[in-house]
Each structure stands twice: as structure tokens, then as C-alpha cells.
Amino acid sequence: MAKSLGPVGTLPDRGVGGLLPGTGAARVRPGQAAEPSAVERRLLGLLAEGLTDATVARRLNVSLRTERRMVAELMRRLGASGRFEAGVKAARRRWI
């Protein structure tokens with residue numbers, strides 16, 4: 001059930017037990033990164049090779065927009081302000 005925000009609108013129900021509804025994905029705070037999925041690990045590896053967003057998207061068989069969203073989400077989860085910092089933090093966590 002949604003919580004009312006008054007005249008502004010409503011907040012969506014965020015699921016049960018810390019899971020996002022319909023995804024099975026756990027909510028993760030920025031900087032508190034959960035283990036990456038196999039696709040996310042592959043994405044990190046491709047970024048570590050210095051490939052462009054467009055090349056990474058083609059190799060992952062996703063749209064450029066999806067690739068950019070994936071990179072942004074990984075950066076958020078790692079608490080990184082840029083791709084290089086995300087790579088360093090991922091390497092420190094032994095993700096790549």
C-alpha cells in the first residue's frame with residue numbers, strides 16, 4: 001500500500017523484506033555494494049579494458065541507454081563519483 005504525501009503525490013510500496021517489488025533485488029545503499037551479478041562483473045571487466053559505452057553495450061547485447069544505467073547503478077552502489085573510481089573500488093573488492 002502506498003503512503004500519502006498529501007497534495008504532492010504518493011510513494012510507491014517498496015516491497016517486503018527489503019526487496020524491490022517484482023525484482024527479487026535487494027535494496028542497497030550507496031557505498032554499501034552487494035556482490036555484483038555475472039552481467040555486472042562482465043560490465044566491470046569491459047570497462048576495465050577501457051572500452052567505450054557503445055562498445056560495451058554491443059558486447060553485452062543491450063542498448064546504450066541500458067549500459068549507461070548499469071554503469072550509473074554500479075557507481076552509485078560503490079559510492080564512486082566516476083568510472084575510474086568505480087574501477088578502483090571494484091578491484092579493491094576483488095570484483096574484477
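Ala80 lies in the loop that joins α3 to α4. The model is predicted. Ala80 has a relative accessible area of 12%. Because burial is set at under 20%, Ala80 counts as buried. Beyond residues up to four places away in sequence, Ala80 touches Met75, Glu85, Ala86 and Lys89. The C-alpha atom of Ala80 is separated from that of Ala90 by 9.8 Å. Along the chain, Ala80 and Ala90 are 10 residues apart.

The packing of α1 was examined next. Helix α1 spans residues 38-48, and helix α2 spans residues 53-60. Their packing angle is about 145 degrees. The axes of α1 and α2 are 10 Å apart. The crossing of α1 past α2 is right-handed. On the α1 side, the contact is made by Arg42, Leu43, Leu46 and Leu47. Val56, Arg59 and Leu60 make it on the α2 side. Five residues of this contact are nonpolar and two are charged. None is polar.

Helix α1 also packs against α3. Here the angle is about 95 degrees, and the axes are 11 Å apart. Angles of 65 to 115 degrees count as roughly perpendicular, so α1 and α3 are roughly perpendicular to each other. Val39, Glu40, Leu43, Leu44 and Leu47 represent α1 in this contact. They meet Glu67, Met70, Val71, Leu74 and Arg77 of α3. By class, the contact of α1 with α3 has seven nonpolar and three charged residues.

Leu43 takes part in the contact of α1 with α2 and in that of α1 with α3. Its neighbours within four places in sequence were set aside. Leu43 is then in contact with Val56, Leu60, Glu67, Met70, Val71 and Leu74. Among these, Val56 and Leu60 belong to the α2 side of the contact with α1. Glu67, Met70, Val71 and Leu74 belong to α3.

The largest nonpolar core holds 16 residues. Leu43, Val56, Leu60 and Leu78 touch the most other members. Four helices, α1, α2, α3 and α4, each supply at least two residues of this core. Helix α3 covers residues 64-78, and α4 covers 83-92. The largest share comes from α3, with five residues. In soluble globular proteins, nonpolar side chains tend to be buried together.

How values were computed. Residues are numbered from 1 along each chain as its sequence is written. This is a predicted model: local features need pLDDT of at least 70, side-chain atom pairs count only at pLDDT 80 or more; totals for chains, interfaces and linings use all residues. Side-chain values use heavy atoms; hydrogens and water are left out. Axes are lines fitted to C-alpha atoms, for helices over the stretch in contact, and angles run from 0 to 180 degrees between N-to-C directions. A crossing is left-handed if the near helix is turned anticlockwise from the far one by less than a right angle, and right-handed if clockwise. Contact means heavy atoms within 4.5 Å. Ala, Val, Leu, Ile, Met, Phe, Trp, Tyr, Cys and Pro count as nonpolar, Asp, Glu, Lys and Arg as charged, and the others, Gly among them, as polar. A nonpolar core is a set of buried Ala, Val, Leu, Ile, Met, Phe, Trp, Tyr and Cys residues joined through side-chain atoms within 4.5 Å. Buried means under 20% relative accessible area, exposed over 50%, partly exposed in between (1.4 Å probe, protein chains only). Angles under 35 degrees count as roughly parallel, over 145 as roughly antiparallel, 65 to 115 as roughly perpendicular and the rest as oblique.
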